[in-house]
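Okay, everyone, here's the one I wanted to walk through today. Have a look at it on the screen, and then I'll talk you around the strands.

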Amino acid sequence: MKKEWWHGKTAYQIYPKSFYDSNDDGIGDLPGIISKLDYLKELGIDMIWLSPVYLSPCADQGYDIADYYQIDPMFGTMEDMEQLLEEAKKREIAVLMDLVVNHCSDEHEWFRKACADPEGEYGKYFYLEKKKDGKLPSNWRSYFGGPVWEQIPGSEWYYLHVFHKKQPDLNWENPLVRERLYEMINWWLDKGLAGFRIDAIINIKKPQMFRDYPADREDGLCDMGTVLADTSGIGDFLREMRDRAFRPHGAFTVGEVFNAKDGELADFAGEDGYFSSIFDFRQTVEGKSVEGWYGARIPTMEDYKRCCFASQREMEGIGFYSNIIENHDEPRGVSYYLPEEARNEKGKKLLAALYFMLKGLPFIYQGQELGMENVAYTSVDEIDDISSKDEYQVCLAAGLTEEEAMTVVNRYSRDNARTPFQWNAKENAGFTRGKPWLRVNDNYRKINWEQQRTDPNSVFAFYQQLIRLRKNPEYQNVIVYGKTEPVREEEPGIMAYYRRSDKQTILVAGNFTQEERTLWIDEIDERSQVLLSNDKSVKLEKKRIVLQGLQVVIAVV
């Protein structure tokens, strides 16, 4: 494999609105991020990804962009952004921004011009259609519920939006649209960005003809996953974007790709792929249902293990996945994957080590390194997330009570990950002296950075140790490039694997259960050495390892 500058890095996702508020207006901002760069350096981070800070009306928390060339005043100024790039560079931290090019905001200049003249030049920047025989052009369902078609006020025209109605889809079939987007991407890369996280990119290619598909709910609409499976040719767009923007800059890119088809993995993330890497979402979609959140099945740790190993086998010899347990669109990983009895410091470290040591680029989402947890909302009125509000209504329509609907929403809501970062045990968790834009988790007095920073046994300290191990020159080659080989895969309650290179083998072994478990492993001998564990007591004996309940051990064997 050709070695790249980003191999071996550890990445960190910042949700700017909730990271740190420097001016006490209740909203996190760019100066707040700048003030916390030393925190990220202390943790060991090499690369940060910023969720959107572009000018936006914030119908979908900044993923509806009104101007790609402006910073939204709620986050600061372009000068603040330039200072962030400069200060990050001093600390050898690369900066990625979110690249949102499937859609823009309905307040973007392009869309306003399209509405003013649907049959003019800018009308071709979007998908504008009229009803036929009184029917919408297709029965596709928006990701946020309802039809993907919305009427332009005062006209016969409808525009396509696969997300929120304030997020009209850009027409990638139009070469002029692509040119304008590449121009913007290069402008940011020239400014000093190291690359991008690519949002919702699989949606840029629609079927060539708008048509109905079999309905999968009583609303008569069809899930977008079915629609996207009926498309082809997205590679032409992605290859062109890579060659016109990413590749000339040596940029790192990671794609949000849920729907890659069989046999396409190398096209997306191989050595000559469209992107440097793509996120591994196999675990996050496990158990999900087209019926909605209420129809989803909660994944077990056995499901988690199976998904991880399937992804590792799939990507071996092709490239690198970017590995996560949570992000801004998912609930907190420790609340989602760990059973309730395991949601303690030991269980959190277990989950951390099992995902972090897999082959690929580890991404940490803000607060994950503290073991931040889901929030217990009591009313839908406390919810900000638009998808959660829609799913609440889906639950009620399916016959669930309000209490049952809130249980479902609490489990899956994106607001779980968007609550303010818990810096200390002071008011508002030290995030702001104003009123936070979103409620702080009630557990901030027990889970916060100030407490964990000085505790050598904290979750924060464990993440520091994992990052240091990944960077240790003695083991870096096997951790970054070594193959993942499952060990005792059939053992229930156990997730164990080797990371193996020609010269070295590292064993990662975790016990999901509360009971002591013994694993017989021939490769363990008197030369084997423990590198890290979440339990002081480690029984590593010839040809066997004894794991306490919720214990994880990383050892050279």
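**Around strand β8**

Let's start in β8, where Tyr158 is the bridge partner of Glu129. A quick word on where this comes from: it's a predicted model, so local features need pLDDT of at least 70 and side-chain atom pairs count only at pLDDT 80 or more, while totals for chains, interfaces and linings use all residues. Residues are numbered from 1 along each chain as its sequence is written, and side-chain values use heavy atoms, with hydrogens and water left out.

Strand β6 (residues 128-130) pairs with β8 in the antiparallel sense over three bridges. Pairing here means DSSP finds at least two bridges between the strands; strands are DSSP runs of E, at least two residues, and helices are runs of H or I, at least four, numbered from the N terminus.

Tyr158 is also the bridge partner of Gln151. That's strand β7 (residues 149-151), which runs antiparallel to β8 and is joined to it by three bridges. The β7-β8 hairpin has five residues between the strands, and Gly154 takes a positive phi near 75 degrees there.

And is β8 (residues 157-160) covered on one face or both? Both: Trp157 and Tyr159 on one side, Tyr158 and Leu160 on the other, all buried (under 20% relative accessible area, 1.4 Å probe, protein chains only).

Now the barrel. Eight strands close it in the order β1-β2-β5-β9-β10-β11-β12-β13, with parallel pairing. Within that, β9 (residues 195-198) and β10 (residues 252-255) pair over four bridges, with Gly195 opposite Phe252 in β10.

Conventions: Buried < 20%, exposed > 50% of the residue type's maximum accessible area, 1.4 Å probe, protein only.
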